[in-house]
Amino acid sequence: MIVGICGAGTMGAGIAQLACQAGARTLLYDPDPAALERGVERIAKRLKGGAPASLLEAAGSLELFADCDVVIEAAPERLEIKHDLFTRVAAIVRDDCVLATNTSSIPVTAVAAGVPGPERVVGMHFFNPPPLMRLVEVVAGEQSGEPAVARAAELGTAMDRRVIRAADVTGFLVNRCNRPFNLEALGALTERMADVETIDRILRLGGGFRMGPFELMDLVGIDVGFEVSRSFHEQSFGEPRWRPSPFMARMVASGNHGRKTGRGWYDHTDGPYKPADPPVPGAEAGGLVVISGDVAIAHELRLLGDDAGWDVRVPEDVNGEVPDLILDCGANEEEPLQGGPQALLLTEGSLAMLDGGGGSVGFHALPPLAPGALVELTRGRDSTDLAVSATERFLHSCGLHTAWVGDAPGLVLGRVVCQLVNEAAFALEQGVASAEEIDDGMVLGLNHPHGPLTWGDLIGLDHVLAVLDALAAEHSPERYRAAPLLRRLVAEGRTGLLAGEGFHRHE
């Protein structure tokens with residue numbers, strides 16, 4: 001196979017490297033001779049000891065693409081540039097040559113419009129940097145032919161990438177399903193739930209993400225992220241879930257765009273800044289803790305408490321004893337829990353709504369929960385100091401970090417992750433990709449700790465739906481409306497891992 005690559009920048013050079021490693025004769029073109037030279041040198045260094053560098057050739061003109069089987073463009077993300085490039089290439093290559101666009105945000109149908117032979121135009125969306133990210137989205141536009149799509153998928157497989165076929169919708173699969181990661185973190189910041197460092201720490205330690213959303217925005221460029229956010233909102237004709245953040249707009253207007261300007265959400269004037277995570281506070285275990293509820297997080301807290309040395313019981317086994325702490329993850333409705341300091345799991349509402357005027361504290365966490373993870377806490381005007389200290393003591397003795405944040409259903413991590421699950425449910429129901437492709441896409445394309453649909457099953461879809469419905473009731477009914485598929489699964493009792501079936505089947 002002969003593969004032509006248009007663009008010798010980071011993406012183009014990375015794709016060319018993958019083509020060489022797949023054993024294809026690879027032609028690399030760039031209108032800037034200096035950029036082409038740098039790209040060829042970069043690839044040659046990376047291929048040393050691997051695929052033969054002789055497979056790579058610098059193409060001084062597009063005319064050298066005449067015998068290509070596939071041409072992939074990695075040009076700047078502007079429709080007129082891609083149109084012009086493909087129109088020129090189409091006049092040179094064979095009629096059966098596949099023209100693949102690496103666009104991440106422009107519809108493939110729009111790129112193909114006006115190009116001679118639009119049936120041979122497809123999307124091949126690689127992730128940055130291509131040699132390290134083991135995913136490629138192959139996207140068929142309205143006029144893309146199956147032979148072209150199949151050849152693009154074949155090339156992606158030869159490059160040892162996981163190929164997922166995504167629909168030609170706004171953001172395709174991965175970028176669409178990742179919208180809540182930044183937007184919900186920005187929402188929590190705007191509502192003063194927590195500061196930037198705390199939100200990032202919650203997502204890293206509580207959710208297992210490699211980088212917090214604000215760290216990632218600084219790395220990518222806040223201005224770049226804002227333009228993508230605007231594009232999503234415009235292409236979707238005002239989808240409330242994708243409404244850009246005014247807070248982000250102000251950051252762009254200020255000129256503080258992240259690492260490249262020296263300042264963004266963090267100060268990078270002395271080099272890239274990464275917040276340090278504190279050690280887990282220690283505490284002595286011992287005493288009676290009552291944990292109610294049949295949700296996944298309740299089971300995990302019981303295991304951690306038992307391992308730490310607590311006398312952990314369910315409400316029906318208390319026998320009139322006064323607990324040192326009650327963790328209410330779903331109380332016994334026949335007889336309210338009482339007799340000790342309490343912490344309420346905030347799935348069905350905020351602390352103010354669930355315990356208005358009461359002395360409890362609120363908490364929220366998501367499975368998988370293990371020592372070193374983080375549990376969020378919130379307190380109300382009437383929360384007792386005893387409830388605060390008892391809850392912190394239990395969690396710290398289990399080896400868990402804690403973070404105090406403002407009051408809301410699901411607190412910070414629950415808000416972000418439940419919306420990730422919800423967006424994936426919308427995508428699955430609308431046929432953007434299969435459940436397996438959605439999960440693989442988010443893990444392989446963005447390094448998420450879990451695929452969103454698998455994570456939803458692990459959390460419990462009833463838990464996810466409760467958080468979304470509470471956010472809709474207390475914040476915005478349109479932004480937090482649940483995907484119909486998610487609501488149907490819960491109604492049918494297919495709530496995930498504990499039920500044996502959710503988005504996936506489980507043994």
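The side chains of Lys260 and Asp223 form a salt bridge, with an N to O distance of 2.9 Å. The term denotes a side-chain nitrogen of Lys or Arg within 4 Å of a carboxyl oxygen of Asp or Glu. This pair links distant parts of the chain, 37 residues apart. Lys260 sits in the loop between helix H11 (246-254) and strand E9 (288-292), and Asp223 in helix H10 (residues 222-235). Helices (H or I, at least four residues) and strands (E, at least two) are DSSP runs, numbered from the N terminus. Lys260 is exposed, at 52% relative accessible area. Here buried means under 20% relative accessible area, exposed means over 50%, and partly exposed lies in between (1.4 Å probe, protein chains only).

The model is predicted: local features need pLDDT of at least 70, side-chain atom pairs count only at pLDDT 80 or more, and totals for chains, interfaces and linings use all residues. Residues are numbered from 1 along each chain as its sequence is written, and side-chain values use heavy atoms, with hydrogens and water left out.

Across the whole structure, 32 salt bridges were found. Side chains of opposite charge can pair when their charged atoms come close. Glu423 lies in helix H15 (residues 413-429) and Arg176 in helix H6 (residues 174-177), so their pairing ties together parts 247 residues apart in sequence. Glu423 is buried, at 1% relative accessibility. Arg176 is also buried, at 4%. Salt bridges with shared partners join Arg176, Glu239, Arg241, Glu423, Glu478 and Arg481 into one network.

A further salt bridge joins the side chains of Arg165 and Glu146 (3.2 Å, N to O). Arg165 is in strand E8 (residues 162-167) and Glu146 in helix H5 (residues 146-158), 19 residues apart. Arg165 is partly exposed, with a relative accessible area of 36%. Glu146 is partly exposed at 46%.

Helix H17 (residues 452-459) is largely enclosed by the rest of the structure, because six of its eight residues are buried. These are Pro452, Leu453, Trp455, Gly456, Asp457 and Ile459. They pack against helix H12 (296-308), H15, helix H16 (435-446) and helix H18 (461-474). Just after H17, Gly460 takes a positive phi of about 110 degrees.

The largest nonpolar core holds 97 residues. Such a core is a set of buried Ala, Val, Leu, Ile, Met, Phe, Trp, Tyr and Cys residues joined through side-chain atoms within 4.5 Å. Phe65, Leu99, Phe214, Trp265 and Leu486 touch the most other members. H15 supplies the largest share of this core, ten residues. Another core, of 35 residues, lies apart from it and includes Ala8, Ile72, Val122 and Val136. Phe65 contacts Gly4, Ile5, Cys6, Leu27, Tyr29, Ala59, Val71, Ile92 and Val93, not counting residues up to four places away in sequence. Contact means heavy atoms within 4.5 Å.

On the surface, Leu219, Val220 and Val224 form a nonpolar patch with about 230 Å² of accessible area together. Patches are made of residues with over 30% relative accessible area and no salt bridge; like charges are joined within 9 Å, nonpolar side chains (Val, Leu, Ile, Met, Phe, Trp, Tyr) within 5 Å. Accessible areas come from the Shrake-Rupley method with a 1.4 Å probe; for residues, only the protein chains shown count as cover. Leu219 belongs to helix H9 (residues 213-220). Leu219 is partly exposed, at 41% relative accessibility.
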